[in-house]
Amino acid sequence: MSSESRLYTFSQDTKAALRKFRLGTSRAKDPQAIIYQIDKSNMEIKRADDEVYTNVQELADELPDNSPRFVLLSYPLTLASGRLSVPYVMINYLPPTCSSEMRMLYAGAKELMRNQSEVGRIIEIDSAEDLEDIEERLKGED
Amino acid sequence: MAAPEVHHLFHAPIADHSFSADRATLAVARDTTVELYHRTPSGSGPGPTFRLQDELRGHDKTITGVDIAPRSGRIVTSSQDRNAYVWEPSASGEWKPTLVLLRINRAATCVRWSPSEAKFAVGSGARTIAVCYFEADNDWWVSKHIKKPLRSTVTSVAWHPNSVLLAAGSTDGHARVFSSFIKGTDERPEASAWGERLPFNTVCGEYLNPTAGWVHDVAFSPSGAALAFCAHDSSVTIVYPSGPEQPPQAVISVSTQLLPFTSILWSSETELVCAGYDCGVYRFAGSADGWQLSGTLEKDERGSASRPGLEQREESALNMFRSMDLKGRAGGGGSSGGVDDTKLKTVHQNSISTLRAYETDGEGRVARISTGGVDGRVVVWKL
């Protein structure tokens, strides 16, 4: 585990942003998502862009076809029992067309990312279409 | 008709062959390796010969397709081991292979570069066509699958000049035209008789061979306005589409009494050249109004008063006496003895597997073609 933290780096800004996102989204009314990518040149994990996505469809459009990404998602749900719950999860997006090099890069960083962002659980998806039933998956696993 | 240039390379079947743009290098699939031959000018003997220059090893099973991209010089190979390799020439003369993960679980049967050379299509026994393009961000060849209406092995693929439309012949008896448009790699194609807005995997046309025989080869006409395919029922079908979602302007099917063709090529908008199990090369001529078999490229043995005919008769007289001497067989005009019947009358001694365009003249007509066969010969014919 610690060997990965020597390979991948987080800048101080990214760590602060991660913390702020985790703490600040539990009161939101709509889904909040940020896409993270790994910079191949310096092995740094950082945001893919500066947008916070509130629409699942927009998020699905933004995910690249052939590269893996990490998405931190906070999704307000109303469970069958009536209870309100805002699970904070990490989505490991791994399309089957990506190269082995990229697969290994993101697989190695998965646990590190989980610990750094302090998410509840990780959901694996392999195509942007799978995002459409994210709500069902979140409800079903609670 | 000038004599064809015969190159008997070895005694093994040639599944596919391809010439480089300058026609100085010939890539030939020989079992699990690709042999690269270099043309040496006619030093000894008549005409240029090909000398073995390099071997591309990497595949584990029989290679089913080889294609050299004319401008970039890259070679793509497909094999029954479910892989494709892209071979890049390096400055030192070494060829560097890059494995392309096709993600198919059956053999790859054929491969062709698109005219733009940014993509290539691989037909497979897994009922899919893998269209592969290079993604620079990941330094990786990505393969996208065309699956939808395909119900059996894809035997051949052919590209439309716009590099977006792809024709595929399959053992389910259909020849289909797909769109393989890839955002970022392709430019939007102009609207044509095949269709307008064409997202990936759109079926622009689906044509069934009347007897549902296997379709061996498909080819677009030089302008892309027509599609020809040959099937195992010894027929050649030419389709002229009229518009998207509309019945075609004309579907002309020509049946022959010959053995089935395995490979076809358009030499101009009104002429087709075909070759197959008959071991000979045949021509078809026609237009949207009708097509018919117009002849063969083989030497005419009987009757022709030109030089080749004379030589033929002289040779057979020599052979007749020689066989009388050696084998005790008396010769004679019509009797079966005396004439050498251990060789086929055609140039190729076994089925022809691929037909390729060798040389085009100024107006875009194909002037010379090359054929590769199961007998290990590569022959260049003059049309």
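Which residues line the largest cavity? The residues that line the largest cavity are A:Pro96, A:Thr97, A:Cys98, A:Arg103, B:Leu101, B:Arg103, B:Trp140, B:Trp141, B:Val142 and B:Ser143. This is a predicted model, in which local features need pLDDT of at least 70 and side-chain atom pairs count only at pLDDT 80 or more, while totals for chains, interfaces and linings use all residues. Residues are numbered from 1 along each chain as its sequence is written, and chains are lettered from A in the order in which they are written.

**Interface of chain A and chain B**

- Nine residues of chain A are in contact (heavy atoms within 4.5 Å) with eight residues of chain B.
- The area buried between the two chains, meaning the accessible area (1.4 Å probe) lost on putting them together, summed over both, is about 720 Å², and carbon and sulfur atoms give 42% of it.
- Of the area that chain A buries against chain B, A:Asn66, A:Thr97 and A:Ser99 supply 56%, more than any other three residues.
- On the side of chain A that touches chain B there are three nonpolar residues, five polar and one charged, where Asp, Glu, Lys and Arg count as charged, Ala, Val, Leu, Ile, Met, Phe, Trp, Tyr, Cys and Pro as nonpolar, and the others, Gly among them, as polar.

**Cavity**

- A search of the whole structure finds one cavity of 30 Å³ or more, a cavity being a set of points on a 1 Å grid over the protein atoms alone where a 1.4 Å probe fits but cannot get out, with lining residues having an atom within 4 Å of a point.
- About 50 Å³ of space lies in the largest cavity, the volume being the space filled by probe spheres set on the points.

**Confidence**

- The predictor gives the complex an ipTM of 0.79 and a pTM of 0.84.
- Chain B has a mean pLDDT (the predictor's confidence in each residue, from 0 to 100) of 88, and 91% of its residues reach 70 or more.
- Over residues 302-311 of chain B pLDDT stays under 50.
- Where pLDDT is low, the predicted coordinates should not be read in detail.

Definitions and conventions
Heavy atoms only, no water. 1 Å grid on protein atoms, 1.4 Å probe; cavity = no way out; pocket = protein on both sides within 12 Å on 5 of 7 lines; lining within 4 Å.
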